[in-house]
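Hi everyone, thanks for making time this morning. I'd like to walk you through a model I've been looking at, one piece at a time.

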Amino acid sequence: MAAAIPELYPPKLVLSPKNLSRRSHAINLSSCSSYFSSAKPEFQLLRREYFSAGEFHVLHKLRRYSLKVCCRATGAGVQPKGAPPSPAEIESAIRAGKDRLLKVPSSNIRNFCIIAHIDHGKSTLADKLLQMTGTVETREMKEQFLDNMDLERERGITIKLQAARMRYVHNNEPYCLNLIDTPGHVDFSYEVSRSLAACEGALLVVDASQGVEAQTLANVYLALENNLEIIPVLNKIDLPGAEPERVCREIEEVVGLDCSDAIYCSAKEGLGITEILSAIVQKVPPPPDAAERPLRALIFDSYYDAYRGVIVYFRLIDGCIKRGDRILFMASGKDYYADEVGFLSPNQLQVDQLNAGEVGYLSASIRSVADARVGDTITHYSRKAEESLPGYKEVTPMVFCGLFPVDADQFHELRDALEKLQLNDSALKFEPETSSAMGFGFRCGFLGLLHMEIVQERLEREYNLSLITTAPSVVYRVTCTSGDIVDCSNPSLLPEAGNRRLIEEPYVKIEMLTPKDYIGALMELAQDRRGEFKEIKFITEIRASLLYELPLAEMVGDFFDQLKSRSKGYASMEYSFIGYRESDLIKLDIQINGEPVEPLSTIVHKDKAYAVGRALTQKLKELIPRQMFKVPIQACIGAKVIASEALSAIRKDVLAKCYGGDITRKKKLLRKQAEGKKRMKAIGKVDVPQEAFMAVLKLEKEVL
Amino acid sequence: MLLKSAYAPLLSSAQRLSLSTVTNSLTHQQCPQTVRQNVPVLLELPQLPPASAYVHLPFCRKRCHYCDFPIIALGSSSNHEHDPRISSYVDTLCREIRATKLPSSSFPPLETVFLGGGTPSLVPPLLVSSVLDALSAKFGLCGDAEISMEMDPGTFNAAAMKELMSLGVNRVSLGVQSFQAELLRSCGRAHGVDEIFEAVEIVKTCGVENWSVDLISSLPHQSPAMWEESLQLTVAAGPTHVSVYDLQVEQDTKFGVLYTPGEFPLPSENQSADFYKMASTMLGNAGYEHYEISSYCKSGYRCKHNSTYWKNKSFYAFGLGSASHIGGVRFSRPRRLKDYDNYVQDLENGAADTRSDGIVENKDLAMDVTMLSLRTSDGLDLRSFREAFGDSILVSILEVYRPYLDSGLVICLDEQRRNVAADEVVVSSSFNEKLAYLRLSDPDGFLLSNELIALAFGVISP
């Protein structure tokens, strides 16, 4: 079975190509072979789920009363004590936590992360762990402590990974626990894979009231791929609807993890937290003792600090690093003196030395992020390691859109903002683009739709830009008659029909987990989106897994919204890139009054061209104000018109009224009319309001 | 006794001089003749002292359903001869005239007076006389001044007409609006069709030489046949002037509440455009010149008073809600009677500020000139425009009109008013010296005048 895995991996998208079997799998994989094929860290669409975060807080108030009743759960699994730890216990734990600067032997270090489906309580659990270990003072505590971006808190999601070192005393022996918080959304799985590479263990958090979701699987497979010890944790057992035993069975059946030791907890109520901490100490293996070897540290994140230059987060694999060491970045070949070495707890705390197995940060007055790229290996300048650590593959953006400033003067600001964002979001790609309708802007590449949304929102919010975004598109691969292969994400740059031999489009394998009632609705959805049915499996009596292969272009629209609405919110999905396939694709052009309008061109499947063309022409007819002449609005494939609407000419616009010489009001009206024309873009003789472009782009998002 | 002849303003000019401080920034009035000649005519025209006056007489029996003018509804009692509301208003009006500051030390006597409303024919001739007296005493009145009065059918008889004529009223604008009883009713007019014919008869038998029929097109439920009939009957009545107003549905009117333009029972946009064209064709065939968007006349009978508006000349205005244009400044009086009374009071105390509309910029002036002159068949005088506002703006306007020159909505004319072909209009981005006028075509250009004028506005004020 293991041999089959590499074949299924598209070479471009292996985000964390860490070699398998550092340790042999402790887990029985036999029952999950079919899932393994989708166990890639790629993209998943989960856009709406974070909105439910707020609702939980309301629910929790109600839950408190049913606590006692809920804790009766029996059966396998580690039960929490009936009540949260006593104040005395907490206090002693907190006291121990204060000493986290103290060194522990490397055999007492535990590096772990938490993986979960969105909203299964990952950040809440992280909060509790920090609190219980005294890492964060109670008075400093706030929800989602590790998510310090405004956007993360608002949406209740984690975007950037964070690290926190905790000290925990188990059986009178102090342990150093390094928690690396990870984003749950698979758009950000490159962040996940980076943190997984820095760990030896993972807490798999599953909502006891919901069960295994598509993303649970994706993240578990990512963790297995990194040879992590996985500790199943059933969260939210205080919920009236919690069914920990059923969910345990589900994990065993679907994921193939042994759940006899699964921990039942409620992060919200503080139940089972001690058990989790103990399990981490007992089950997660310590990092191998490699302090004597030449320094090797893997950079898993970096950001730019205006005062100290680039700050690098790393995991020490071999050797140790001291303040003042002269270090070398093996890939870039640049060397620096480490001015400051420390760890994150979660604030940066300086130390003199970090040893193998530890997670920390350093600053060395590095001026350019390019000198210390994520994935690079740090070694000593004087005692170089022979081989660098396997790094991360550059992530390839899959979804593209054009970003244009509403106010053309903001172009430079937009560029600066994108450059700054790119500093700690290496997955963001952009290049300048000019559009006759929108002026100057950028074509940007994203890992997925949520990533796109987050970037747009950060640009608007943190950099005060107002943006117009075009419909998201994917990268098509065009084989020209000359034999050249061109990657093309911008419809206006598509080679002429005569010069193309074929167009290929990216395909994804999509797995939808759904209660059986919605199977029909979801199959219909997938079929509509040119999906090719692969497999249906009942993972439990009432829940099924649907496997389809479909074009990514069909996913970037409202697929996820549709999935959610057709399943009344119960289905979840996960998708992974499986390669390029030839498709019958054509370029659909829009002509207004005989003038082609480049920004409205789209690449669509031939079978959908008519429907899309009709929808676009109709929408434009609604939005373009009538002109003093008849304006045909056409959708064309090459020279062939496939849909046509006509805007009739204005017949009359005259103020033929007696107004006794009082022209001020009339003049005001005419000035307003003139103002209105200014906000429009001239397409040939026709004035098209900006809103028409925006509305059509929105429509494209819906129709395509 | 009525003052048809002009008062020589000099009679009391010494006295007036002491009263009137120099109220505006005009200097060329005091400048030697040679300097004045250098001022472009379009810049100078609005600054010259007015020779026209608009007088608002706001009384109506009731408010028509389309009307948003400042009016005072008197109710339907037939005799308004001694209505104290009228006499007290006219009194205030005359006080306003008397209290008005003169624009400069030397000023011409009035050449046109327009008594508009409302329904001025509801005002007893005696009171009309006092208004004209006040005007004449203040500004002087040319012997051949055009004195127009709006009169509604059913509000005057031959005796009143004769009396008004003896006061100097020599032009009548008859508010017919429509020749169909049901349409008159549905737009709330206070008269019927019979009164129209009576009124026409009175005007004709009294020997009013210069008179106009005012019509409204695109009324609710109006059919092409009805409109054709109205136009036919108008032509048959033989006025020297016809005004055809296209119904504007204004917000705070009964029509505004009931109807949406272009929707039943109002005619569709196409039908409404056809009505406009029908008027242009039928009146044209009957020998009327379409000299302004909504005005037609027999040769030599253009309304002189309205022409001052379209030439962007200055004019006085008196009465409720009326708008004056003096020294380049437009000022609207309060629309509510109480506010208007206070305004006149302030004016008498020297406290009223009639200059609050601010300084007029050249750009605004260029817009005014464009929007007003393009309403007329004379069109925009390109040479004066160029002299006043420069070459580049004119070339830009011609550029923006290029497609419409091609499609015939806009026409360029040479000195002899011969058409200039569209491709000769702008050659290598410079002004073609052959061009003299630019006008909107009749009826297609006129019909789209708002769009076309807005285009020019976009060029003037980018």
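Let's start in chain B, with strand 7, residues 210-217. Eight of its eight residues are buried, so strand 7 of chain B is largely enclosed by the rest of the structure. Keep in mind throughout that this is a predicted model.

Which residues point which way from that strand? On one side we have B:Asn210, B:Ser212, B:Asp214 and B:Ile216, while B:Trp211, B:Val213, B:Leu215 and B:Ser217 point the other way, and all of them are buried. That is the pattern you'd look for, because in a regular strand the side chains alternate between the two faces of the sheet.

Now for the neighbours. Strand 6 of chain B, residues 171-177, pairs with strand 7 of chain B in the parallel sense, over six bridges. If you want a pair to click on, B:Gln177 has B:Leu215 in strand 7 as its bridge partner. Strand 7 of chain B is also joined by six bridges to strand 8, residues 241-246, and these two run parallel. There, B:Val213 stands opposite B:Val242 of strand 8.

Stepping back to the whole of chain B: it has 20 helices and 19 strands. Of its 462 residues, 59% count as buried. Take the contacts between residues at least 6 apart in sequence, and 72% of them join residues at least 24 apart.

Over to chain A, which has 704 residues, 60% of them counted as buried. There are 19 helices and 33 strands here. The accessible surface comes to about 27700 Å², and 50% of it belongs to carbon and sulfur atoms.

Three bridges hold strand 10 of chain A, residues 326-329, to strand 11 of chain A, and the two run antiparallel. Within that pairing, A:Leu328 has A:Asp335 of strand 11 as its bridge partner.

Next, a helix. What is buried in helix 14 of chain A, residues 519-528? Among its residues, A:Ile519, A:Leu522, A:Leu525 and A:Ala526 are buried. They cover an arc of only 125° around the axis, which puts them on the same side of helix 14 of chain A. Just after the helix, A:Arg530 takes a positive phi of about 60°.

Finally, confidence. The mean pLDDT of chain A is 75, and 75% of its residues reach 70 or more. Over residues 1-76 of chain A, pLDDT stays under 50. Where pLDDT is low, the predicted coordinates should not be read in detail.

Note on methods
Residues numbered from 1 in each chain as written. Chains lettered and ligands numbered in written order. Predicted model: local features only at pLDDT ≥ 70, side-chain atom pairs only at ≥ 80, totals over all residues. Heavy atoms only, no water. Helix = DSSP H or I, 4+ residues; strand = E, 2+ residues; numbered from the N terminus. Buried < 20%, exposed > 50% of the residue type's maximum accessible area, 1.4 Å probe, protein only. Contact = heavy atoms within 4.5 Å. Arc of directions from axis to C-beta. pLDDT = per-residue confidence, 0-100. Pairing = 2+ DSSP bridges. Areas by Shrake-Rupley, 256 points an atom, 1.4 Å probe, with all protein chains shown as cover.
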